[in-house]
Amino acid sequence: RETILASLHGKLQVLDALVLRNAVLPERIGRDGVVILRDGEPGTPEVTLSPLAYHYQHRAEIEVIVQVSEGRDAAFDWLVASLGAVLASDRTLCGQCDWVEPEAPQPVDLPIEGASPLKAAIIPIVLYYTTADPLA
């Protein structure tokens, strides 16, 4: 799990936004936005017995947040599209994972007292992988 999540986090580093992992939302959001990868839940695997293998559909989450006074919707759309392009460029994370599948975001506008509102979404990411040990 950690190898796959670290690989995904590394792939996201090419984005212009600040990319964090399992972090709290920073007090200041830069012009390019913030992306936070959350480890999520591996769930219950399907098991095959010969050879013994555990097949996971691990649900991670990527939080996408932008805060600009003008063009917030366009900046948000650009960041989500850039994220999609990064994921589509390597669906196996250099062979670390069987497949990476993002789901559609559900954006929300969040008012901030005394500052420009945030536009944010949580994008579920399903990581399909197989391992010989559920603790590996």
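A residue counts as buried when its relative accessible area is under 20%. By that cut-off, both Tyr56 and Tyr129 are buried, and 36% of the 136 residues of the chain are buried as well. The model is predicted. Its chain holds two helices and seven strands.

**Fold and dimensions**
- The C-alpha trace spans about 60 × 25 × 20 Å along its principal axes.
- Of the contacts between residues at least 6 apart in sequence, 58% join residues at least 24 apart.

**Surface and charge**
- The chain has an accessible surface of about 7800 Å².
- Carbon and sulfur atoms account for 53% of that surface.
- There are 19 negative side chains and 10 positive ones.
- The centres of these two sets of charges lie 3 Å apart.

**The aromatic pair**
- One aromatic pair is found in a search of the whole structure.
- The pair consists of Tyr56 and Tyr129, whose ring centres are 5.3 Å apart.
- Planes under 30 degrees apart count as stacked; the planes of Tyr56 and Tyr129 stand at 25°, so this pair is stacked.
- Tyr56 belongs to strand 4 (residues 52-66) and Tyr129 to strand 7 (residues 115-131), so the pair ties together parts that are 73 residues apart in sequence.
- Both partners, Tyr56 and Tyr129, are buried.

**A charge over a ring**
- Lys119 has its charged end over the ring of Phe76.
- The distance from that charged end to the centre of the Phe76 ring is 5.7 Å.

- Arg91 is in the loop between helix 2 (72-89) and strand 5 (99-102).
- The relative accessible area of Arg91 is 21%. Buried requires under 20% and exposed over 50%, so Arg91 is classed as partly exposed.
- Leaving aside residues up to four places away in sequence, Arg91 touches Asp98, Trp99, Val100, Glu101 and Pro102.
- Pro102, one of the residues touched by Arg91, is eleven residues from Arg91 in sequence.
- The C-alpha to C-alpha distance between Arg91 and Pro102 is 9.9 Å.

Terms used
Residues numbered from 1 in each chain as written. Predicted model: local features only at pLDDT ≥ 70, side-chain atom pairs only at ≥ 80, totals over all residues. Heavy atoms only, no water. Helix = DSSP H or I, 4+ residues; strand = E, 2+ residues; numbered from the N terminus. Buried < 20%, exposed > 50% of the residue type's maximum accessible area, 1.4 Å probe, protein only. Contact = heavy atoms within 4.5 Å. Areas by Shrake-Rupley, 256 points an atom, 1.4 Å probe, with all protein chains shown as cover. Lys, Arg positive; Asp, Glu negative; His and termini not counted. Charge placed at Lys NZ, Arg CZ, Asp CG, Glu CD. Phe/Tyr/Trp six-rings, centres within 6.5 Å; stacked < 30°, edge-to-face > 60°. Lys NZ or Arg CZ within 6 Å of the ring centre and 35° of its normal.
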